[in-house]
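I opened a new notebook page for this structure. My plan was to look up a few local features and write down what turned up.

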Amino acid sequence: MKRSLRRALWAGGAAVALAVAAVPVATAAAAGSVTATFTKVQDWGTGHEARVTVTNGTSANVDTWRIEFDLPSGTAVGSFWDADVTRSGNHYVAVKKSWAGPLAPGASFSWGYNGTGPYSGPLNCTVNGASCGGGTPPPTTAPPTTTAPPTTAPPTTPPPTTPPPTTPPPTGGKKVVGYFAEWGVYGRNYHVKNIHTSGSAAKLTHILYAFGNTTGGRCTIGDSYADYDKAYTAADSVDGVADTWDQPLRGSFNQLRKLKKMYPNLKVLWSFGGWTWSAGFTQAAQNPAAFADSCYALVKDPRWADVFDGIDIDWEYPNACGLQCDSSGPNAFKNVVNALRSKFGANFLVTAAITADGSNGGKIDATDYAGAAANLNWLMPMTYDYFGAFNAQGPTAPHSPLYSYTGIPQQGFWSDAAIQKLKSKGVPANKLLLGVGFYGRGWTGVTQTAPGGSATGAAPGTYEAGIEDYKVLKNTCPATATVGGTAYAKCGSNWWSYDTPATIGGKMSYANTQGLGGAFFWELSGDTSNGELISAIRGGLG
């Protein structure tokens, strides 16, 4: 199942988003410089391809990088990859992807873009506040000229007085858990404030902040700029108050802190791993106690300890293969979970997103999930991404079927199969949450309307071929039929499958009938601006 691959790829885009106010990130305090080199790959007159190489010439790791540059009139960035790029006029800002790890001393990292017009090198180029060609970086923020604290100018619009939420917090004990992707603040322009303005915050019980890294078998920061350094303007802040230059915590962590003040019943968990960052779990399994110690030190860091109510482990996959293969054995996952529970104590939430492969001898059978369940508050089988254009020629099939249907390409690849297998192994039903995708998967070159048709490749998507948000698909390719408890449609030669409010209602009825603990979804930015899908989850659970 490829569900988490989209986490690494969604942040890139074919369209350049408007820039948002931000504070440059300082280069690591070490000898040497971080440099950025632009290279023309090809130029066909009306357009060009460029490669940008960031090199760490210092003697210390560089956790993040930020390149600012101008392009002359008649030249513009069109599409880009392996970096997040924003634009304001002819000025561009490129920042490191959340999935890219630290840049080691002497190491380089390249990203690229296609541009309109003939190739032209950058103007006024800086990397982490210093010249792209190297040099001493200026301070990221001018210090005050006197010893007195600086006077902070009020926001251009007065901060609103925030009343208590008009919608009461969810009741009945069912959990509504949604992922917030840290990289969404770049190309997707989705911020913590949007959780509030969409009405989603009033319907959620828990937010999973994705992702922290697992480098070297330790819990580490995923994207320091997005997590705790990005400065928010009054307009983009949850409470309408702008960040100041000297406050100890900014970024999404601080915005989540503000959101929790508005919604006192809302809990936040920090999720580690995912498709791209699960490799470190193999090393973590060799010394679970050391891994748990590192996670505790990071999650309980005094700067943001009050933000997080729990830790979530998204290991894809223990004793099985995902982006890479793990052979730690069937007890590895249980040992890691037990160590986390021992370290964090009984009152801290410890949860896990797990495989939903219900086939015989599949990924559920490879690991003792039932043995770990005693020390987990809940488990989230990822009941989506069963099928998709990662099999480019098809057959077309819904990526998140609730039940089997005649002609399904793989036995055990549907939600009910995973739930029943986990229950049969001894995982309590009330500790299982049903997964929902707020996106569709699609193919192109399809002639057959019903599932099972052949294809020529992935359907075009805004951020990644073969994937599109529900908020887009509901208008561009409205669902026309259902199969296996989910929806699909054929529009031209493109074939898409995704959940709608109606099919989510059916899935929530199933969750209630099975005695499940609730539902979770990937991820918040895929919903409409008024939260159609999360409303269907909340309403369906009762």
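**Entry 1: the model**

I noted at the start that I was working with a predicted model.

**Entry 2: disulfides**

I looked up the disulfides and found a count of four. I then asked in what pattern the bonded cysteines pair up along the chain. Counted along the chain, the pattern is 1-2, 3-4, 5-6, 7-8.

I took Cys-125 and Cys-132 to begin with. Their sulfur atoms sit 1.9 Å apart, and the two form a disulfide. I read -65° about the S-S bond, a left-handed link. Both Cys-125 and Cys-132 are buried.

I went on to Cys-219 and Cys-295. A disulfide joins these two, with 2.0 Å from S to S. The angle about the S-S bond is 65°, and the link is right-handed. Which parts does this pair tie together? Cys-219 is in the loop between strand E12 (206-212) and helix H3 (224-229), while Cys-295 belongs to helix H6 (residues 288-299), so the link ties parts 76 residues apart in sequence. I checked burial too. Cys-219 has 7% relative accessibility, under the 20% cut-off, so Cys-219 counts as buried. Cys-295 is buried as well, at 0%.

I turned to Cys-321 and Cys-325. Their sulfur atoms are 1.8 Å apart in a disulfide. With 110° about the S-S bond, this link is right-handed. Is each cysteine buried or exposed? Cys-321 has a relative accessible area of 38%, which makes it partly exposed. Cys-325 reaches 54%, over the 50% mark, so Cys-325 counts as exposed.

**Entry 3: helix H6**

I compared the span of H6 with what its length predicts. At 1.5 Å a residue, its twelve residues should span 16 Å, and the end C-alpha atoms are 16 Å apart, so the two agree. I listed the buried residues of H6: Pro-288, Ala-290, Phe-291, Ala-292, Ser-294, Cys-295, Leu-298 and Val-299. I then looked for what covers them. The cover includes strand E13 (267-273), helix H5 (280-284), strand E14 (310-314) and helix H7 (332-344).

**Entry 4: cavities**

I searched the whole structure for cavities of 30 Å³ or more, and two came up.

**Entry 5: backbone details**

I checked for cis peptide bonds. One joins Ala-210 and Phe-211, with omega about 0°. Phe-211 is in strand E12. Another joins Gly-394 and Pro-395, with omega about 5°. Pro-395 lies in the loop between strand E16 (378-381) and helix H9 (415-424).

I also looked for positive phi values in residues other than glycine. Asn-319 has phi near 60°. Asn-319 lies in the loop between E14 and H7, and is partly exposed at 23% relative accessible area. Asp-385 has a positive phi of about 60°. Asp-385 is in the loop between E16 and H9. Is Asp-385 buried or exposed? Its relative accessible area is 0%, so Asp-385 is buried.

Terms used: Residues numbered from 1 in each chain as written. Predicted model: local features only at pLDDT ≥ 70, side-chain atom pairs only at ≥ 80, totals over all residues. Heavy atoms only, no water. Disulfide = S-S within 2.5 Å. Buried < 20%, exposed > 50% of the residue type's maximum accessible area, 1.4 Å probe, protein only. Helix = DSSP H or I, 4+ residues; strand = E, 2+ residues; numbered from the N terminus. 1 Å grid on protein atoms, 1.4 Å probe; cavity = no way out; pocket = protein on both sides within 12 Å on 5 of 7 lines; lining within 4 Å. Points joined across faces, edges and corners; volume = space filled by probe spheres on them. Expected span 1.5 Å × (residues − 1). Contact = heavy atoms within 4.5 Å.
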